[in-house]
Amino acid sequence: MLTSAYGSWPSPVDAALAAAHDGQPEWVGFVGDEAWWTEPRPTEGGRRALVRRTADGREESVLPPPWNVRSRVIEYGGRPWDGVLDDGQPLVVFTHFADQRLYRYEPGGEPRPLTPAPTPGRELRWAEPRVDLGRGEVWCVLEEYTGDGPDDVRRVPAAVPLDGSAAADRSAVRELGDDRHRFVTGVRLSPDGRRAAWLAWDHPRMPWDGTELLVGEVGADGTLRDVQTVAGGPDEAIAQVEWSTDGRLLYTSDRSGWWNLYRDGVPLCPREEEFGGPLWKLGLRWFAPLDDGRIAVIHGRGSTVLGVLDTESGELVDVAGPWTEFAPTLAASGDRVLAVGASPRTAYEVVELDARGGHTRVTGARHRDPVDPAYYPEPQIRAFTGPDGREVHARVYPPHHPARTAPDGELPPYVIWAHGGPTSRAPLVLDLAIACFTSRGIGVAEVDYGGSTGYGRAYRERLREQWGVVDVEDCAAVALALAEEGTADRARLAIRGGSAGGWTTAASLTTTDVYACGTISYPILDLTTWGPGDTHDFESRYLESLIGPAGEVPARYTERSPLTHADRLTVPFLLLQGLDDVICPPAQCEGFLARVQGRGVPHAYRTFEGEGHGFRRAGTMVTALQAELSLYAQVFELDMPGVPELELLT
């Protein structure tokens, strides 16, 4: 074991390796007996590829570049594809990211458009397609922009003809219901086809605040009639709805304070655990009914596991395997269940469960170690004490190297990672970006600050009207606790985050003296210019719960904004921004920089053409991560080999 200073350890986990393995498989499904899913392609312009596992066990991309299977509904997207067998051959319908049209595809042919091309001020977007061969239609969510503003939008359940007659004729799209609700999820048909269920909500609520579970009759003409609200409301968030094979209504509700599973209103497995989560994308699935009446479920407190629930006995049996985290995507066919799982030693991979025998196997996107696993970080699941004695959950990743140790008496630098959302959490999985830090001798602490999901509604609502306070305090509490216990160097603490995590980072740097520097990515920085008409419709009223109604507390919007306190910023920072970001537009960064210019604060601003909210292209991710490492190397005076120097301006 060699001795060298923290931050100087040589590592095979570089920015290029981390970028090449960024992202995860999503949107699993069965087409006949085959498992299909989407997965990222960072080196192919950041597209999402549709992948299948053939009968002989091969994985193959269904569509070549530049086809990009990804929806932009509510900007964060939703399930972008569906597939069935038609005369024994796959028939797939998918949304192409570039034009947001629905396409029909049969292997061996070319994709054919089913919906009209976008025109100025009249863009159509689609999510959660469900192919109905009997009706010759695709049932899905239609998001229709009726003007140039982000609020000029309506959403309805709709049916698109499979024959292509709507490709040049908007009137051929059949709307299944009206647009009385601002947001809707995809329709779920009962087994007999006579009833339909879906979720809806309206401004100013977010779907984790309160949703309505709607049930309607399917008329002879295929429209939805006699629609009634059967569960949910302003203070009850229903995350998913399905039908059991015998026609009973299954859904997850947080009416007890935890997202639990219900059947016709009766709890099936009441626990202080989450069987659901925040509906950031349309079509997320935490449970899937099986043909025999049991239900495959993703559940847990903090991290999640996959299990099978016997609805009659209430017995829940978790599957065996190394996975400590499952993403909210499930599919079931007979006794087979598809899921996406990961662990601190493995990246996300497609997992298949034989629900009858209880056996699991990796069926796609199999994790293969790109470097010696001895370089992987080793997480510690911790709970810290925040202000007023409140509990703060975090995962701590100490510096780790198989052949390096630090000199006696030296404490390591640490970077606090603030997750986005903010209604989200940090999963317990292998992340090579974290390994890029820890294998060099820089510790990482991912903080699930108050407001995070996975710990019940009360924990989630700690952030209500307290954004910029509770998140900042909780991150600081973890950072300072690590320093006080001798785990981290108090003089070498940093913070980083993207989106809402970028907000927390900027707020932390401008209102506390905890950190020596920070990295702010695609952030919100000025609340007064981030709302209706300024950002996308989905989150345009989010601040009413995070900050308070603007009409009642207007001064709070100014006081909380990092832009307002830019003159207090004295430590170096890095700002990263996609130029195509419509959620947190570049204007947020530009206004902040204008307040900092000429004040002698070392900083760098990197922008990326073709990138939106979150980076997807390998080149972008490499540049961003190298710049971040260089910032810490300069501020913490680290001799970090192989990292290009970032020019800091003042």
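Predicted model: local features only at pLDDT ≥ 70, side-chain atom pairs only at ≥ 80, totals over all residues.
Which residues form one aromatic cluster? I looked this up before anything else. Tyr76, Phe183, Trp201, Trp208, Trp280, Phe538 and Tyr542 make up the cluster.

**Ring pairs**

My pick to begin with was Trp323 and Phe326. Their ring centres lie 6.2 Å apart and their planes meet at 65°, so I put the pair down as edge-to-face; the cut-off for that label is over 60 degrees. I checked burial too, and both Trp323 and Phe326 are buried.

Next came Phe573 and Phe592. Here the centres are 5.9 Å apart with the planes at 75°, so this pair is edge-to-face. I wanted to know where the two residues sit along the chain. Phe573 belongs to strand S39 (residues 573–578), while Phe592 is in helix H8 (residues 586–596). They are 19 residues apart, so I noted the pair as a link between distant parts of the chain.

Are these two buried or exposed? Phe573 has 0% relative accessibility, so it counts as buried. Phe592 comes out at 1% relative accessible area and is buried. The cut-off I used for buried is under 20%.

**Charges over rings**

Last, I looked for charged groups over rings and wrote down two cases. Arg255 has its charged end over the ring of Tyr262, 4.5 Å from the ring's centre. Arg496 lies over the face of Trp417, and the distance to that ring centre is 3.8 Å.

Definitions and conventions
Residues numbered from 1 in each chain as written. Heavy atoms only, no water. Phe/Tyr/Trp six-rings, centres within 6.5 Å; stacked < 30°, edge-to-face > 60°. Buried < 20%, exposed > 50% of the residue type's maximum accessible area, 1.4 Å probe, protein only. Helix = DSSP H or I, 4+ residues; strand = E, 2+ residues; numbered from the N terminus. Lys NZ or Arg CZ within 6 Å of the ring centre and 35° of its normal.
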